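Have the viewer open while you read.

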Amino acid sequence: MTLVEWVKDAVLRLARVPADPHVPEGAEESVRVFNAGRNYFTWRMILWGLGNAATALGLAAAFAVSFIPTLPSLVRAIWLAVEAGAVGLFVASIPITYFLQRLNYEMRWYIVTDRSLRIRSGVVWLQEITMTFANIQEIRVNANPIERLLGLANVDVRSAGGGDTAHGEASSGHVGKFAGVDNAEAIRDLLVERLRVYRDSGLGERTIEAPEPLSLSAAREVLQETKALRNSLATY
Amino acid sequence: MNPPQIGMSAAPIPPHIVAIERPRESLMTYYVLKAIAANVAFPFVFPYLYFRYHTMRYRFDTDGIHMKWGIIFRREVLLNYSRIQDIHLRSNLIERWLGLARIEIQTASGSASANMTLEGMEDPEGMRDFLYSRMRGTREEKAGGAADPVAAVLLEIAGELRGIRALVERPRA
């Protein structure tokens, strides 16, 4: 066991992160498990790097303030002490946040069965969303320019209900996100394929799934019997 | 003939779920920590959470969930299992240490936040699975089914025809 694995194990135990998610209801052979694309970690790292760069810039600006010549020496001393503390915290946080980013990338499951999907993500803030295809209203694929360069896209699956902002960016509820996948088209096609069975509005009616009403097959049986009867009467 | 098929909501609720009325005690611990984390807002947050915990009542029946809480502003939420749109199971580090998780239930009403949040369940994952099993679209539900009266009559006619044919084809004495 490498050191990284050992730390990972310890963190997961300490944070009481449950093991892999259970597969939701659905035919066993239909289960497909997707994960975030390899480049998703690169994308996370870009965001993480930008955030850290912004913090570092702020700290540098605060440090520059201490060079103002008119500053009383006591104020300068306090300023510098606070600055040193902030820099220390910042430096200490870098490996921790890096590790959490890495775990966040690894601990992602997008599970699709023929009836439902379950998306689990997060390490410190864990969330697991479960939806049935019967309730899904809309599928959206989006990617920003950098994500496209990295060959990534996000597939958003929405159920009925409001809560969007004007830009169509949903907040927490009503949406399952396949974040940072590198096979968005395949996932989209799979979801569309599995949605095809449902012809209702997905708002609480009983699901209509039988491709042919039972009365029709019963009528066919009557027809068949009648024909057979005629045949045997013909040879009578 | 099979008895008419009724919707899944008529299936009995497991007794350990019917028995749930109150959130578990560790929820109060969590609320205390949450109030402390609210810092200067503690004097406002703590009483709210205190009374929320102590007045929180759940009821799970065959059709749905009732949840009520509040002392000054009384709140009661009723929700049908079949109208559940999606279920979120969320927890942060502190909650997991206390063995807690929030089950956020969404319906198709127009709010972005959860329509009902079940807190302090004894077995959050088990509860989630139970609710999920009551959601529509989870299991096969054929329209009509054996309850279709036209199909039943037609099958009976087919049976009669089969009988006539058997009589016709019977070797004559």
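A word on confidence to begin with: pLDDT is the predictor's confidence in each residue, on a scale from 0 to 100. Helices (H or I, at least four residues) and strands (E, at least two) are DSSP runs, numbered from the N terminus.

Residues are numbered from 1 along each chain as its sequence is written, and chains are lettered from A and ligands numbered from 1 in the order in which they are written.

The model scores ipTM 0.71 and pTM 0.74. For chain B, the mean pLDDT is 84, with 86% of its residues at 70 or more. Over residues 1–9 of chain B the pLDDT is below 50, and over residues 142–146 of chain B the pLDDT is below 50 as well. Where pLDDT is low, the predicted coordinates should not be read in detail.

**The sheet across both chains**

Which strands make up the seven-strand open sheet? The order is E1(A)-E2(A)-E3(A)-E4(A)-E4(B)-E5(B)-E6(B), with antiparallel pairing (two strands pair if DSSP finds at least two bridges between them). Strand E1 (32–34) of chain A and E6 of chain B sit at the edges with a single partner strand each, so one side of each has no neighbour in the sheet. Direction ignored, neighbouring strands are turned by 15 degrees against each other on average; axes are lines fitted to C-alpha atoms, for helices over the stretch in contact, and angles run from 0 to 180 degrees between N-to-C directions.

Here are some of the strand pairs, each with an opposite pair of residues:

| Strands | Bridges | Opposite residues |
|---|---|---|
| E1(A) and E2(A) | three bridges | Phe34(A) and Tyr110(A) |
| E4(B) and E5(B) | five bridges | His88(B) and Glu104(B) |
| E5(B) and E6(B) | three bridges | Ile103(B) and Leu118(B) |

Strand E5 (residues 102–106) of chain B is mostly covered, with four of its five residues buried (20 or more other C-beta atoms within 10 Å of a residue's own, C-beta atoms being placed from the backbone). Helix H5 (residues 124–134) of chain B packs on this sheet, touching E4 of chain A together with E4, E5 and E6 of chain B. Its direction makes about 175 degrees with that of E4(B).

**The cores**

A nonpolar core is a set of buried Ala, Val, Leu, Ile, Met, Phe, Trp, Tyr and Cys residues joined through C-beta atoms within 7 Å. The largest one has 26 residues, and Val155(A), Phe178(A) and Val181(A) have the most contacts inside it. Strand E7 (175–181) of chain A is one of the elements that supply at least two residues, and E7(A) gives the largest share, four residues.

Beyond its neighbours within four places in sequence, Phe178(A) is in contact with residues including Phe34(A), Tyr110(A) and Ile187(A) (contact means C-beta atoms, placed from the backbone, within 7 Å). A second, separate core of 19 residues includes Leu89(B), Leu118(B), Leu131(B) and Met135(B).

Methods. This is a predicted model: local features need pLDDT of at least 70, side-chain atom pairs count only at pLDDT 80 or more; totals for chains, interfaces and linings use all residues. Two residues are in contact if their C-beta atoms, placed from the backbone, lie within 7 Å. A residue is buried if 20 or more other C-beta atoms lie within 10 Å of its own, exposed if 12 or fewer, and partly exposed in between; C-beta atoms are placed from the backbone.
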